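Please read the numbered points with the model open.

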Amino acid sequence: MPTLTAQQAIAEALTEAMRRDPRVLMFGEGVATKRPELVAEFGSERVRNTPLAEAILAGTAAGAAATGLRPVVDLLFAPFLAYAMDALVNSAGKLRFVSGGQFSFPLVAMAMTGGGWAVGAQHNHNIEAWFAHSPGLKVVMPSTPADFKGLLSAAIRDENPVLFFVDMALLNQEGEVPAGEFVVPLGQAAVRRSGADVTLIAYAKSVHACLQAAEALAARGVSAEVIDLRTLKPLDEGSVLESVRKTGRLVVVHEASRTCGIGAEVAALVAEHAFGDLRSPVVRLTGPDAPSAASYPLEQVFAPQPLAIEAAVLALCKGADRGA
Amino acid sequence: MDPIRTFSQPLDALESMLLIRAYEERLAALQASAGLPGTCTSVGQEASAVGVVATLDERDLILTNHRSAGHLLARGADPARMIAEVMGKRTGYCAGKSGSLHISVKELGVILTSTIVGGELSLATGVALSQRMLERPGIVACFFGDGAACEGIFHESLNLASVWNLPILYVCENNEWQAFVHRRETMNTPRIADWAARYGIEARTVDGNDVRAVRAAAADAAARVRAGAGPVLLECATYRLRGHFEPDDQAYVDAAELSAWRAKDPIVREKARLAEAGALPDERLAQMESAIARRIDAAVAFAKESPYPEFAQLTTDVYA
């Protein structure tokens, strides 16, 4: 199986999607400049640079999607999505419902976020929960090159607006990616490591932190199951509950800030539907409720680290069990 | 399926304006007397809507906003289904889920409506991009007000449309009012057309209360857009004769200014022109007005008798 970086996997997904469907086009700030191979193959009508104007870029994507095109709009960095909120939330997310089902908005909006490049709070802000909370949108955030390709391919084929968040720290990460076209279905989590004693639920870079912690935990005789959510909206509730019912312990890990993050949703879900199976309280390890810092050491501890995850799990296991 | 209204007869424009006026005034009256949901009426602006929509053909698309009844009715929307929508009934054009503020009718080419001020401007470039890339012949008419022209998105939309040479007819219905604020408080530039010109876009201002002047200007502008000249902006200078959203006592409106614009009522002017030309005998006008009144009566009755949506509709059509 070929080995690709996440960056290369994204490029492959875009190329295949544009070959497959002439309605797919891509635009955004610097898209044509940064993707000359796409321009060479598909031309400058389908691969476009744009002015620095996120509101109209998102609006153009929404209007185009509603009338027969399948746009992929690159909005660069997640904080810039603030400019795009009307088009994404008030138009793409709501106008299908508001029109009584007359329109659909098959668009993909891409944005980077995540610590690792020391770009500071206005380029790094994990706001996936904003969009998970808004009606009519889907939200994905891959953790492996194969999923970058498969989820992007699925997102482009989806009939709904999809926010595709790219964890910047993972862009140069290599991994095996199946050759040829394939999709990773939206709404499906992946079990990255099987275990029996505790469920670790995460997405994006936190999946890798959890896997590292799981290795260390195994050496201490604790068997951790690691679930990669992949899609944040719609959440794969079945996989979450199945795992927690098996292990009885849950630690949710994400880089995004604590309050009203995706972890809060997962914790509530488990409390509602798997309360009887829990042996200990649900724990959330998250970024702090603060803007991200540009200073490298601060940035490094913003996202939960493997040692912290390990310590949290050990504390859970030492705590009084409610039953065997 | 409602047919797109055509404007081939000499009395068509007047009849359409009369229908709009009767519709708007009936809804305002029902809001006051029967507690119907409020609406953003276009009373006084009928010539801008009819004059532009009359020049569009069945291939053209329309984007509009919260003050849309004129555009919808001129295009051929059924007042019965519009009133049903205003009343939140399932027989409305949007199955009762929009209410008055964002009515779209895909089969009439009223392709997207947003009540976010400037929302339609943000969507127009994408709709026009589809027309271009999918090689469809129709142009995109985007209706917005002077208020929307103060939004950043107006400027972003015109700039992008100009750079990408998109087939958009931007129609600014400058009615001097931005909710409860007069335009003199919000812009230093006399005309929105002046702003458009700065983006490399051909722009023109026309008397928005003269339906023939609007129609002629719109036909010219639309022809330029069709010919591939890029986007064109037409500013229709008009006035909002009623308040922003019913009920509205208009206490904030200068009485002398309101009175002066009432004297320029587009319907009165068109009636006078037709009468002068001998094209509008009294019985013909009476017949027209009475038919319209009956049509509105029937529309209200239809809407009142229509059922509300089922509760399950609360969560349908969220996703495709």
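1. The second largest cavity holds about 40 Å³ of space. A cavity here is a set of points, on a 1 Å grid over the protein atoms alone, where a 1.4 Å probe fits but cannot get out, and its lining residues have an atom within 4 Å of a point. Grid points are joined across faces, edges and corners, and the volume is the space filled by probe spheres set on the points. The lining draws on both chains: Ala92(A), Gly93(A), Arg96(A), Ser104(A), Phe105(A), Gly136(A), Glu159(A), Asn160(A) and Pro161(A) are joined by Val318(B) and Ala320(B). By class, five of these residues are nonpolar, four polar and two charged. In this scheme Ala, Val, Leu, Ile, Met, Phe, Trp, Tyr, Cys and Pro count as nonpolar, Asp, Glu, Lys and Arg as charged, and the others, Gly among them, as polar.

2. On the basis of the note: this is a predicted model, in which local features need pLDDT of at least 70 and side-chain atom pairs count only at pLDDT 80 or more, while totals for chains, interfaces and linings use all residues. Residues are numbered from 1 along each chain as its sequence is written, chains are lettered from A and ligands numbered from 1 in the order in which they are written, and side-chain values use heavy atoms, with hydrogens and water left out.

3. At least two lining residues come from each of helix H1 (12–34), helix H3 (69–75) and helix H4 (79–86) of chain B; H1(B) gives the largest share, three residues. Helices (H or I, at least four residues) and strands (E, at least two) are DSSP runs, numbered from the N terminus. The lining of the largest cavity comprises eight nonpolar residues, four polar and one charged.

4. In chain A, seven strands form an open sheet of mixed pairing, in the order S3-S2-S4-S5-S7-S6-S12. Two strands pair if DSSP finds at least two bridges between them. Strand S3 (47–49) and strand S12 (231–233) of chain A are the edge strands, each pairing on one side only. Neighbouring strands are turned by 20 degrees against each other on average, direction ignored. Axes are lines fitted to C-alpha atoms, for helices over the stretch in contact, and angles run from 0 to 180 degrees between N-to-C directions.

5. Within that sheet, strand S2 (residues 24–28) of chain A pairs with S3(A) in the parallel sense over three bridges, and Met26(A) stands opposite Val47(A). Helix H8 (residues 145–157) of chain A packs on the sheet, and its direction makes about 160 degrees with that of S7(A). Among the strands that H8(A) touches (contact means heavy atoms within 4.5 Å) are S2, S4 and S12 of chain A.

6. The sheet of chain B is open and parallel, with six strands in the order S2-S1-S3-S4-S8-S7. Strand S2 (110–113) and strand S7 (202–207) of chain B stand at the edges with a single partner strand each, so one side of each has no neighbour in the sheet. Strand S1 (residues 61–64) and strand S3 (residues 140–145) of chain B run parallel and are joined by three bridges; Ile62(B) stands opposite Ala141(B).

7. H9(B) lies across strand S4 (168–174), S7 and strand S8 (232–237) of chain B, at about 165 degrees to S7(B). Helix H9 (residues 211–226) of chain B also packs with helix H2 (residues 46–53) of chain B, at an angle of about 35 degrees and with the axes 8 Å apart. In this contact Ala47(B), Ser48(B), Val50(B), Gly51(B) and Val52(B) of H2(B) meet Val211(B), Val214(B), Arg215(B) and Ala218(B) of H9(B). The contact residues divide into six nonpolar, two polar and one charged.

8. Some backbone details deserve a look. Most residues other than glycine have a negative phi, and most peptide bonds are trans. Ala204(A), which is not a glycine, has a positive phi of about 55 degrees. The peptide bond from Lys233(A) to Pro234(A) is cis, and Pro234(A) lies in the loop between S12 and helix H10 (237–247) of chain A. Another cis peptide bond joins Glu246(B) and Pro247(B).

Terms used
On a 1 Å grid over the protein atoms alone, a cavity is a set of points where a 1.4 Å probe fits but cannot get out, and a pocket is an open set with protein on both sides within 12 Å along at least five of seven lines; lining residues have an atom within 4 Å of a point.
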